[in-house]
Amino acid sequence: MHELDAEKARAIYYDLVRVRRIEEEIKKRYPLQEMRCPVHLSIGQESPAVAISHAINKTDYMMSGHRSHSHYLAKGGDLRKFICELYGRADGCSKGQGGSMHLIDLSVDFLGATSIVGGTVPIAVGAAFSSKLQNENRVTVSCIGDAVVEEGVFHESMNFAAVNDLPVIFFCENNFYSIYTPLPQRQPARPLTDLAKAHGVKAVSIDSSNVFKTYMMLDSLVAEARRDKKPLFLELFTYRYVEHCGPHEDDNLQYRPDSELEEWKAKEPILVAQNHLKEAGIWDQAWSDQIEKRIEEEIHEAFDYAINCPYPPIENLGSYTYAK
Amino acid sequence: MQNNTSTREITYIEAIREATYQVLESEPKSFLMGLGVSDPKGCFGTTTNLHESFPGRVFETPVSENTLTGVCLGSAITGLRPILVHLRIDFTMYAMDQMINNMAKWRSMFGGQVNVPMVVRMVIGMGWGQGNQHSQNLQSFFAHVPGIKVIVPATAYDMKGMLISAMKDNNPVIILEHRWLQFTKSIVPEEMYEVPIGKCNVLTEGSDITIVSWGQVLIETLKANEFLKENGVSAEIIDLRSLTPLDMPAIKRSVQKTGKLLVVDSSWKTGGFAGEIIARVCEDPDIMLDTMTQRLCYPDFPVPSSPGHANHYYIRSTHIFDKVSNMLEKELDKSGVLAQEEGRLLDAPDQNFIGPF
């Protein structure tokens, strides 16, 4: 594993903080009832998205599911268009047709996120097949959660990718819950990676609390997948801070043990990242203040833009159903 | 569009294979996959040996209908033009998530930024004891969902032209191929040509009644019409060819002329596509209120397997003949149509068919 240079470390930290602050602003403004769509916030689990986005190339494909804000943003998806989409405005990344769960930014090869568990997994495999047939040197990252492995389509897709040697990375953020239902009530006590291994696919589990360490591991794993043109299954342990869907803390519901929550909050990714930078001698408080300010301005500008953006024209209604 | 100089007759199967070959040859971004495409039987002969001509672009797949659909979608949104083949429509129920939630919606839900040029071939059928799970006619399901085009070519000529049109279309197109039509022949030009999607075909002009049909039951309709003609009935027969987009203007023109509409569909009556056409006629303020509308569909229960029941389930030319006779309130001479059906077993397309599937 190579050393992390200061410039890269700062870029990763910047993205980590940026995703968090954007999500916090959505959380703050959501009760105003102006974002009239479900939101599945990634607060607490930004690290995997940021780490993988730095480990892949800009021209690599990425797809995601319902909790996709972090993936879209980390891959470089346009912030204004994202906020406009949450507000259902004309300039939304999906022209107001998608909402929070249907994000796309083709300019950064974020091919799309959809709302049904496992829905984009075979589509990502298809994108990887497309790269193979067209002799492109891309990998495709399929962002999934721990519940996706409970869907048949996951196994079909992994089988297809394995038998056809497709460079697709099944990037599984294991946050241990599907809505409120914990993993042990949904799956037997076996590592998720065993499922991939049964399909003949290399599988690695990573604790994503330290975004830099995660990045460095992913960097070499992605390079290997790209070189060998083979699928790869990655499990990233992470934790969701707020409710499954919506802006609230929901720990009063007592569906997660207190000790578990405390354990994860002790490994809070931004704090861990700050400590890592301090230990590496890269931390600079003035720089941190500066980026926080810059991010805040960017966020406010994006929300102002979205709030002032009109709804899509009525003439557009139904006009996207068929291509000419 | 038909090449008048061509006299070559080929089967529906050969037409599919020829169109697929020509598409694969002319469009390097196209590919063909499905269980059986390169096996010795080549999907009923529709894909035989194509893998030898197009290595890497014609290939076998795992038995994973849902994922195959998603893979085609993923490849279609990244520059390829896939053809996916399912040996039976019944198997595609596994793929409803990818077809309905993703394939049909992809363009819409991302604001028209990306097209989904993909073709899904599905075989529908009847008879030979295929029964409940190998011979359903589920066209109405797919026609219900916006974002998909559903086509039902009835002749080898239309099949070739519509498959080529489907491959040039920038939308997902589902082609429903009736197993029994695969044995039929028509004159098919050797060169590539297109038959437009969304345009029906008026096969015979008439003034007494409009009969709209498609697929295998269209053949029964044409048989019935031979005897209707002998009885002096002037029926206008429309081969719908596409369920979506639906060529309603052509149906309307015809119904305004004849004042009577019979729709013949090889699927269940409840919620079926025949009802859709009739409803559109009934709600059109330009069409006379006293227009008579009737439909002939399969009964609302699953298809039987026993050959002893086949003759009492499927739609035959006599049923169509009788229906028209009732609608016109005319006593017609049934002897011809009955004689033609004498001894006919409705569990096979013809006496040459000996199974096994």
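This is a predicted model: local features need pLDDT of at least 70, side-chain atom pairs count only at pLDDT 80 or more; totals for chains, interfaces and linings use all residues.
## Overall form of chain B

Chain B contains 14 helices and 14 strands. Its radius of gyration is 20 Å, close to the 21 Å that the globule rule gives for 357 residues, so chain B is as compact as a globular protein of that length.

## Interior and contacts of chain B

Of the 357 residues in chain B, 61% are buried. When contacts between residues at least 6 apart in sequence are considered, 81% of those in chain B join residues at least 24 apart.

## Surface and charge of chain B

Chain B carries 31 positive and 40 negative side chains. The centres of these two sets lie 4 Å apart.

## The setting of A:Ala302

In chain A, the residue A:Ala302 belongs to helix 12, which covers residues 285-308. A:Ala302 counts as buried because its relative accessibility is 1%, and buried means under 20%.

Neighbours within four places in sequence aside, A:Ala302 is in contact with A:Leu79, A:Arg80 and A:Ile83. A further reference point is A:Ala113, which stands 189 residues from A:Ala302 along the chain. The C-alpha atoms of A:Ala302 and A:Ala113 are separated by 21 Å.

Definitions and conventions
Residues are numbered from 1 along each chain as its sequence is written. Chains are lettered from A and ligands numbered from 1 in the order in which they are written. Side-chain values use heavy atoms; hydrogens and water are left out. Helices (H or I, at least four residues) and strands (E, at least two) are DSSP runs, numbered from the N terminus. Buried means under 20% relative accessible area, exposed over 50%, partly exposed in between (1.4 Å probe, protein chains only). Contact means heavy atoms within 4.5 Å. The radius of gyration is taken over C-alpha atoms; the globule rule is 2.2 Å times the number of residues to the power 0.38. Lys and Arg count as positive and Asp and Glu as negative; His and the chain ends are not counted. The place of a charge is taken as NZ of Lys, CZ of Arg, CG of Asp or CD of Glu.
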